[in-house]
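Reader: I'm new to this structure and would like a close look at a single part of it. Could you walk me through the sheet and what surrounds it?

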Amino acid sequence: MEQFVIIALLVALCSATSPPFPNRIALDCNETLFETDVAMNLINEHRDEGFVLRPVRVKSVVQQEPVKQHGGFIYYMDLDVVETKCSVLSGKSWKECGNDDIPLHETVFGHCKVITVISRPWRILRLLNYNCTLGTVPPRVVVNICPDCPVLVTNITPQIKEKANLIIQQFNKDSNQTHHFKVDEIERVRTQYVFGQSYFFHIIIKETECLRTQANVNLNDCVFRADKDAVSCIISYSYYPLYNLQLYISLMYYHKIL
């Protein structure tokens, strides 16, 4: 009898402290365009380097009612994604960014698992967690199919960083800005061998505190400006050492550093 009472008390205690089991429902992926749009924008807003991702396919979506009801739901999503040409620093939505003119051998594909909270009545759009794994076609495969095609450089070596620094020195020389710029992030490098090794850089540069009127400036000693008037920009640059030719493809944009 005493053992029965103890067991009954333990069962009652367990029942009293156990949280309610969350109600989860698998949704039709074709009916989750809004949730996918929210998830991709939240992921891109959270990332501080790389390129804007856009969804290619929604693999699965599970909806869970949160324990504390506020008219919203928790969403668990599996998404196939692809990189676009827009840097995440551009602040653009994935809908504004394309990848149509990126060759297949340079395309970066990936997969993202993301958890969000969405409540339309309360206008809550919150990113709880995410994990994205990205990859490209292996360079050896590209070379076998198209020996002359540019391939992505995945290992940013000290030699490549030095080339990027030489590019920025030339940029500072040609620029009419009041301050020197230096490399903040090497976002993408492609290389191609046609009568010599050529490089194509996509670089984020930021304004430093060093004035262009200063003599004998060493960029390594210059720190980035932190004030609201500082600017950052992204440049695309081609470097052909065989012909001693350096070519700006484009200065993509300037924007204020917040």
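Author: Here is a walk through the sheet, the core beside it, the disulfides and a few loop residues.

A word on the ground rules. This is a predicted model, where local features need pLDDT of at least 70, side-chain atom pairs count only at pLDDT 80 or more, and totals for chains, interfaces and linings use all residues. Residues are numbered from 1 along each chain as its sequence is written, and side-chain values use heavy atoms, with hydrogens and water left out.

Let's start with the sheet. Five strands make up an open, antiparallel sheet, in the order β1-β2-β3-β4-β5. Strands here are DSSP runs of E with at least two residues, helices are runs of H or I with at least four, and both are numbered from the N terminus. Two strands pair if DSSP finds at least two bridges between them. At the edges sit β1 (24-26) and β5, each pairing on one side only. From one strand to the next, the twist averages 30°. Look at the β1 end: β1 and β2 run antiparallel and are joined by three bridges.

Now for the core. A nonpolar core is a set of buried Ala, Val, Leu, Ile, Met, Phe, Trp, Tyr and Cys residues joined through side-chain atoms within 4.5 Å. Buried means under 20% relative accessible area, exposed means over 50%, and partly exposed is in between (1.4 Å probe, protein chains only). The largest nonpolar core has 21 residues, and those with the most contacts inside it are Met40, Val52, Met77, Leu79, Val81 and Val114. At least two residues of this core come from each of α2 (33-46), β2 (51-64), β3 (73-87) and β4 (108-119). Another core, of 18 residues, lies apart from it, and Phe181, Ile186, Ile203 and Cys233 are among its members.

Contact means heavy atoms within 4.5 Å. Once neighbours within four places in sequence are set aside, Met77 is in contact with Glu35, Thr36, Ala39, Ser60, Val61, Cys112, Lys113 and Val114.

Next come the disulfides, where a disulfide is a pair of cysteine sulfur atoms within 2.5 Å. The whole structure holds four of them. If you number the bonded cysteines of the chain in sequence order, they pair 1-2, 3-4, 5-6, 7-8.

Take Cys86 and Cys97, whose sulfur atoms are 2.3 Å apart. The torsion about their S-S bond is about -110°, so this disulfide is left-handed. Since Cys86 is in strand β3 and Cys97 in the loop between β3 and β4, the pair ties together parts eleven residues apart in sequence. Both Cys86 and Cys97 are buried.

Cys112 and Cys132 are joined too, with 2.0 Å from S to S. Their link is right-handed, with 115° about the S-S bond. It connects distant parts of the chain, with Cys112 in strand β4 and Cys132 in strand β5 (residues 124-136), 20 residues apart. Cys112 counts as buried because its relative accessibility is 0%, while Cys132, at 23%, is partly exposed.

Then there are Cys146 and Cys149, with sulfur atoms 1.8 Å apart. This link is right-handed as well, with 75° about the S-S bond. Cys146 counts as partly exposed because its relative accessibility is 24%, and Cys149 is buried at 17%.

Finally, a couple of loops. Thr107 lies in the loop between β3 and β4, and it counts as buried because its relative accessibility is 5%. Its side chain reaches the backbone oxygen of Pro103 at 2.9 Å. Not counting residues up to four places away in sequence, Thr107 touches Val82, Asn99, Ile102, Gly135, Thr136 and Val137.

Arg123 is in the loop between β4 and β5. Its phi is near 55°, a positive value in a residue other than glycine. With a relative accessible area of 77%, Arg123 is exposed.

Technical notes. Polar contact = N/O pair within 3.5 Å; in protein donor to acceptor, adjacent residues only side chain to side chain. Axes fitted to C-alpha atoms, helices over the stretch in contact; angles between N-to-C directions.
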